Amino acid sequence: MGWLPAAPSPRPSCPMRCALASALARQPMRPGPRQLLRGQGAGPALARGACDWLPPASAEPALLPRAKLGPRPLPSLCLLLSAQPVPSEGPGSGRALSTGAAEQRGCRRQWLAQSSPGWAMKVEFAPLNIPLARRLQTVAVLQWVLYFVLLGQMSIAITVMLIIHNYWFLYIPYLTWLYFDWHTPEQGGRRSSWIKNWTLWKHFKDYFPIHLIKTQDLDPSHNYIFGFHPHGILAAGAFGNFSTNYSDFKELFPGFTSYLHVLPLWFWCPVFREYMMSIGLVSVSKKSVSYVVSKEGGGNISVIVLGGAKESLDAHPGKFTLFIRQRKGFVKIALTHGASLVPVFSFGENELFKQVDNPEGSWIRTVQDKLQKIMGFALPLFHARGVFQYNFGLMPYRKAIHTVVGRPIPVRQILHPTEEQIEELHQTYMEELTKLFEEHKGKYGIPEHETLVLK
């Protein structure tokens, strides 16, 4: 009577294969292929749908010496079984454990994640059924991040390419006009109501969302200097509240025009400078601030992020470190022009991004400090979430920002203030800033024991 091969049976489930591998690890000797295929020695059957098998603690070390000389380790065997049609007969074979392909794939992914953490990383993807409004908010913030991170460099690169390829009819007229327009960022800029009214900025504000809170009315017949704290990574609260027309600024402070001051080097970038001025940004130079607060009849507000680039290196979630003790230039300008000082604290600003740990004295911080002194701006190594997933990227987290405008400090005009007068007003400003933080921190989830660290 001739021998005939048995007809192949349905493919066994993933829990059965994992049970087989577990049993093999507990045996002093490996079973032969026939024993394995018949399910002998596979151990107790698993419950239906079980997919949480973990290799025994002693299994992997026992297999390591054999991996170089003999067959593959058991993990590879388990994956090999998942690709071969294996009969599901015999005791412990798990015939009743039939599961769908999705469960089998899920079991393999789970085992790989647990046994090889370097190969697999859990990624939480954004669901597909996100409302359109939230998608538009993400797009608005994405362009804002890219605008700060890439647009300046891209504008310089494009200009250089035009010069290299001798497109003189494009770059010569623009560079000629740039020569005569060079000082515009120090003379109030050139804002565009059309661009400031883009619906894009409404979605930007709603992404976090951003809120502006007033504690006291201001006199429109005076000029003011708002000291904005903290800088954070990209100063999203300052931009959203004082550079777009979708914040509550006009309703809370009628009769005022705000000017957000940024580093002068941003206005050295061709074309990019035009976009920056169109949304109300101006230079933070002494000449620029003096131009704004010297307006006859009042009604102007200079918004200065006083901590600057150096403070961004300490922008860690849960930290409240401000670089203010050596920042006295704004006080001298306020005294010279009689502009009142107003402390502003933006709660939630430091929560938008995470930053690579860089304590003072570390090699990372040393390099960052040196680059900041050379280039004039800092390079914080920040990260948050992505566009389509929530684990890693340059998109800020959706954390609410509450920008609280404090009480104004009246300033009497002194054309030539002394060092003592500057120091006295500076000390008063720091006291008012600390009071503002202490009065409002409880409203925005900051523990009572947290205090400002002024450097």
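This is a predicted model: local features need pLDDT of at least 70, side-chain atom pairs count only at pLDDT 80 or more; totals for chains, interfaces and linings use all residues.
Residues are numbered from 1 along each chain as its sequence is written, and side-chain values use heavy atoms, leaving out hydrogens and water. Helices (DSSP runs of H or I, at least four residues) and strands (runs of E, at least two) are numbered from the N terminus.

Start with helix α16, which covers residues 363-375. It has 13 residues and reaches 18 Å from its first C-alpha to its last, close to the 18 Å expected at 1.5 Å a residue; the expected span is 1.5 Å times one less than the number of residues. Four residues of α16 are buried: Ile364, Arg365, Gln368 and Gln372. They cover an arc of only 90° around the axis, which puts them on the same side of α16; the arc is that of the directions from the helix axis to the C-beta atoms. Trp363, Lys370, Lys373 and Ile374, on the other side of α16, are exposed. Here buried means under 20% relative accessible area, exposed means over 50%, and partly exposed lies in between (1.4 Å probe, protein chains only). Among the elements that cover the buried residues are α14 (308-312) and β8 (354-355), where contact means heavy atoms within 4.5 Å.

Leucine 371 also belongs to α16 and is partly exposed, at 31% relative accessible area. It is part of a nonpolar surface patch with Trp363, Val367, Ile374, Met375 and Leu379, and together they have about 610 Å² of accessible area. Such areas come from the Shrake-Rupley method with a 1.4 Å probe, and for residues only the protein chains shown count as cover. Patches take residues with over 30% relative accessible area and no salt bridge; nonpolar side chains (Val, Leu, Ile, Met, Phe, Trp, Tyr) are joined within 5 Å, and like charges within 9 Å. Just after α16, glycine 376 takes a positive phi of about 90°.

Now turn to the backbone. Most residues other than glycine have a negative phi, and most peptide bonds are trans. Alanine 235, in the loop between β2 and α10, has a positive phi near 55° and is buried, with 10% relative accessible area. Valine 271 has a positive phi of about 70° and is partly exposed at 49%. The bond from phenylalanine 208 to proline 209 is cis, with omega near -5°. Another cis bond joins histidine 229 and proline 230, with omega about -15°.

Last come the salt bridges, each a side-chain nitrogen of Lys or Arg within 4 Å of a carboxyl oxygen of Asp or Glu. By this rule there are 17. In one of them, arginine 273 pairs with aspartate 181, the closest N and O atoms being 3.0 Å apart. Arginine 273 lies in helix α12 and aspartate 181 in the loop between α7 (168-180) and α8 (193-196), so the pair ties together parts 92 residues apart in sequence. Arginine 273 is buried at 1%, and aspartate 181 is buried at 8%. Arginine 190 forms a salt bridge with glutamate 274, at 2.8 Å between the closest N and O atoms.
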